[in-house]
Amino acid sequence: MSMKCEEKFYETYRKSPEGVAFCPYRICPIGAHVDHQLGRVTGLAIDRGIHFAYSPKLNGVIELMSLQFEKRAQFHIREVSDTRREDWADYLRGVTIELAQKYTLSVGLCGIIEGSLPIGGLSSSAAVAIVYLTALCRVNRISLTPIEIINMSMRSENNYVGVNSGKLDQSCEVYSRKNHLLYLDTRDDTFELIPTAPQMKPYDITIFFSGVERTLAGSKFNMRVDECRSAAYALMAFAGMEYGKFSETYFRNVPRSVYDEYGDRLPDAWRKRAEHWYTEQERVVKGAEAWRRGDIEEYGRLSFESGRSSIGNWETGSPELKTLYDIMCCTEGIYGGRFSGAGFKGCCMALTDPDYRETISRKVTDGYLKAFPEHKDKFRVEICHSADGVEL
């Protein structure tokens, strides 16, 4: 498959790239907004993602261009600025720092990055960090384990970019296998790849792009994480449980029975965050069981339920995404779905019956553009399928 990034590389450097790396995007049909509280999640990598055409630079310089963003990025492998530049390459500066803390880096690289779908909701930031990290390791002859790649990418987001995310995105993009559901416990990193049962009805992964792009760090994402910690801290105090540092407080350490007993004492916003977390954990467990049985209808129903809780209890979702979700809920042939990612802008994902491909696309497009005609030029529907995680 010829990528634009390879052509652009040749055009820029008058030679072919020495390598092309790929990292898929991910979807999380059930298990949203729980990984930063050490919850269980389910997810799939999809057959679209980030391509990176690159060659080594022996002088240690990193020189990057993106086909999605105008600004170039350039820095030296051993002299990465401690302060963010507030641009797309911050994720890559952060991951370079993480790698350099553990390994000696001597070789830089020049490269062109290309995303195959619009930005927002499919964890493109994690995919960019991972694809770049795998390339940087290759040119420096460093061999990382899957969990090292996941943790370095996550720490880059947390420590450098300033987004208090968990490891759902990175784990899906690394561990996933085609035709399997990833069932991951983010507390201890244990996971299972549940095969698609032979009796399961066929499904597409359909992505509906709202036409609204977003940035995570500027969203209410970090505030939600703080609300969860505050609620968990308060519940532990009400129950007389021992608690430590605020930054190391998670819902996962607070039993459901404590929430049931003391939840009504929490401020309304904190109670809603807790309600989402505890019910989402139940949905994840039921969802994994449904997938094991080959029951995509039940798995889809739980995904719709997850979306409803994100709107009502997590209080997220732009007007565009809520409209898309409502249309999806009453469209024949959609097993289930929700908005993807943090849910402030971006896209919705759905598990859909291939027999209804055209009618689903038409009904959702017509309904959405009737409500938001201003997004006509940017709204799009993409049919995807499950895929393997990044090649290490």
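Ser171 touches Ile150, Ser176, Leu182 and Leu184, leaving out residues up to four places away in sequence; contact here means heavy atoms within 4.5 Å. Ser171 sits in helix H5, which covers residues 168-175. Helices (H or I, at least four residues) and strands (E, at least two) are DSSP runs, numbered from the N terminus. The relative accessible area of Ser171 is 0%, so Ser171 is buried. Buried means under 20% relative accessible area, exposed over 50%, and partly exposed in between, with a 1.4 Å probe and protein chains only.

The model is predicted: local features need pLDDT of at least 70, side-chain atom pairs count only at pLDDT 80 or more, and totals for chains, interfaces and linings use all residues. Residues are numbered from 1 along each chain as its sequence is written, and side-chain values use heavy atoms, with hydrogens and water left out.

Val131 belongs to helix H3, residues 124-139. Apart from neighbours within four places in sequence, Val131 is in contact with Ala21, Phe22, Cys23, Ile50 and Phe52. Ala350 is 219 residues from Val131 along the chain, and their C-alpha atoms are separated by 26 Å.

For the chain as a whole, the secondary structure comes to eleven helices and twelve strands. Buried residues make up 60% of the 392 residues. Of the contacts between residues at least 6 apart in sequence, 73% join residues at least 24 apart. The radius of gyration is 21 Å, which agrees with the value near 21 Å for a compact globule of 392 residues; the radius is taken over C-alpha atoms, and the globule rule is 2.2 Å times the number of residues to the power 0.38. Along the principal axes, the C-alpha atoms fill a box of roughly 60 × 55 × 40 Å.

The second largest pocket holds about 330 Å³ of space. A pocket is an open set of points on a 1 Å grid over the protein atoms alone, where a 1.4 Å probe fits, with protein on both sides within 12 Å along at least five of seven lines; lining residues have an atom within 4 Å of a point. The volume is the space filled by probe spheres set on the points, which are joined across faces, edges and corners. This pocket is lined by 15 residues, and Met154, Asn158, Ser165, Arg229 and Tyr250 lie nearest its centre. Helix H4 (146-161) and helix H6 (221-238) are the elements that give two or more residues to the lining, and H4 gives the most, with four residues.
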